[in-house]
Amino acid sequence: MTPHQAEQVSFDNTELDKFAAYRSDGATPDAPDILDLSNNELMLPPLPAVAESLHRSGLRVNLYPDPAARFLKANLARHFGAEPAETVVGPGSGGVLQQLLLVLAGRGDEVLYAWPGFDAYPLLVAVTGATGVPVPLTATGEHDLPELLGRVTSRTRAVILCSPHNPTGRRIPRDTLREFLAALPPRVAAIVDQAYMEFDEEEDPHDLGLIREYPNVVLLRTFSKAYGLAGLRVGYAFASAEIALRARKTVIPFSVTHSGEQAAVTSLAQGEELARRLAHVRRLRADLHADLGAQGLTPIPSSANFVWLPLGGESDRFAEAALRAGVLVRSYSGDGVRISVGTEEAHRRVLIAAKEFLSV
Ligand SMILES: Cc1ncc(COP(=O)(O)O)c(C=O)c1O
């Protein structure tokens with residue numbers, strides 16, 4: 001045995017040791033006839049202009065992309081009325097969140113978030129060495145904002161707020177959010193995860209007022225959901241120039257690809273088509289909500305591209321019925337089931353599952 005083998009290696013991140021790698025349990029079915037409504041993806045093919053951009057950009061994969069993704073950053077800033085200095089881009093909003101957390105928190109610190117929530121939060125917080133503090137949602141699937149405030153300690157560095165919330169689809173109204181931010185100590189960053197904001201009729205993505213009023217606020221966004229580019233991995237954030245400058249330094253070099261950058265910029269120019277697609281998703285969401293309600297289930301009104309059924313201890317049983325009907329939904333055991341808005345055929349299968357579920 002060599003001295004290196006004999007030595008007990010300690011990577012010494014006890015927070016990270018609490019979690020498995022992200023979704024390493026294999027959530028995606030191998031069977032091609034199963035329709036997957038478990039990932040909140042957009043079930044529409046790329047827009048023609050995006051497909052064309054992908055074709056062109058694919059011809060230069062032998063070259064590194066611009067490590068600063070300046071074309072994308074400049075276009076995002078112009079499109080949404082921010083300064084390039086206030087703009088951060090990265091590999092998906094998950095990647096940008098990681099960049100932000102790395103500059104905001106570290107060992108001994110705490111980061112708060114509502115729970116159940118986006119299942120990557122605990123892991124991304126743990127990567128920094130900080131401790132994640134999950135705060136239960138209210139009975140109606142909303143952030144318990146007074147409780148979140150009450151859980152702020154001298155060790156709290158950041159609060160992640162998700163609106164519309166994954167997995168319940170509930171939004172935090174602007175006035176309520178402002179009240180919360182006014183009460184939050186300015187030394188605590190508020191990361192507002194707006195991954196699903198485009199599906200929310202009440203939101204205006206061009207309104208960046210919050211980062212001007214509250215320099216501790218970060219608006220986190222993605223091209224994965226409404227823009228339908230989940231496979232390309234492009235996310236972004238708007239923040240104070242100070243936070244943004246630091247967060248740009250923690251990006252994995254070259255992690256925003258040239259194809260991703262080009263497709264994202266092309267997408268920004270497709271406003272009318274985006275609006276049409278959002279209307280389509282909202283229509284399907286309303287139908288799914290109504291049809292589940294008509295069967296006797298009680299989905300929570302959603303502002304995102306998914307519907308939440310608060311089924312508590314019956315959640316796994318619903319997900320099993322769904323799989324038998326040929327559709328994969330996401331069970332949050334003990335809490336509820338999240339069903340992504342998909343195709344009419346996928347929804348037909350969900351309703352078959354609902355019937356079977358209710359017949360027992
Ligand atoms: C609330 C929320 N934030 C962020 C993400 C990460 O998305 P992406 O990294 O594809 O931008 C997701 C993905 O499902 C999500 O649900």
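**The pocket and its ligand**

Visitor: Which residues lie nearest the centre of the largest pocket?
Guide: This is a predicted model, where local features need pLDDT of at least 70, side-chain atom pairs count only at pLDDT 80 or more, and totals for chains, interfaces and linings use all residues. Residues are numbered from 1 along each chain as its sequence is written, and side-chain values use heavy atoms, with hydrogens and water left out. On a 1 Å grid over the protein atoms alone, a pocket is an open set of points with protein on both sides within 12 Å along at least five of seven lines, and lining residues have an atom within 4 Å of a point. The largest pocket has 28 lining residues, and those nearest its centre are Tyr 22, Phe 118, Ala 120, Lys 225 and Arg 233.

Visitor: Which helix gives the most to the lining of the largest pocket?
Guide: Helices here are DSSP runs (H or I, at least four residues) and strands likewise (E, at least two), numbered from the N terminus. At least two lining residues each come from H4, helix H5 (121–127) and strand E7 (217–222). The top contributor, with five residues, is H4.

Visitor: Where does the ligand sit?
Guide: A molecule sits in a pocket if more than half of its atoms lie within 2 Å of the pocket's grid points. By that rule, the ligand's place is the largest pocket.

Visitor: What volume does the largest cavity have?
Guide: A cavity is a set of grid points where a 1.4 Å probe fits but cannot get out. Points are joined across faces, edges and corners, and a volume is the space filled by probe spheres set on them. Two cavities of 30 Å³ or more are counted, and the largest has a volume of about 100 Å³.

Visitor: Which residues lie nearest the centre of the largest cavity?
Guide: Helix H11 (residues 271–294) gives the most to this lining, with three residues. Of the 15 lining residues, the ones nearest the centre are Leu 47, Ala 226, Tyr 227, Ser 267 and Arg 277.
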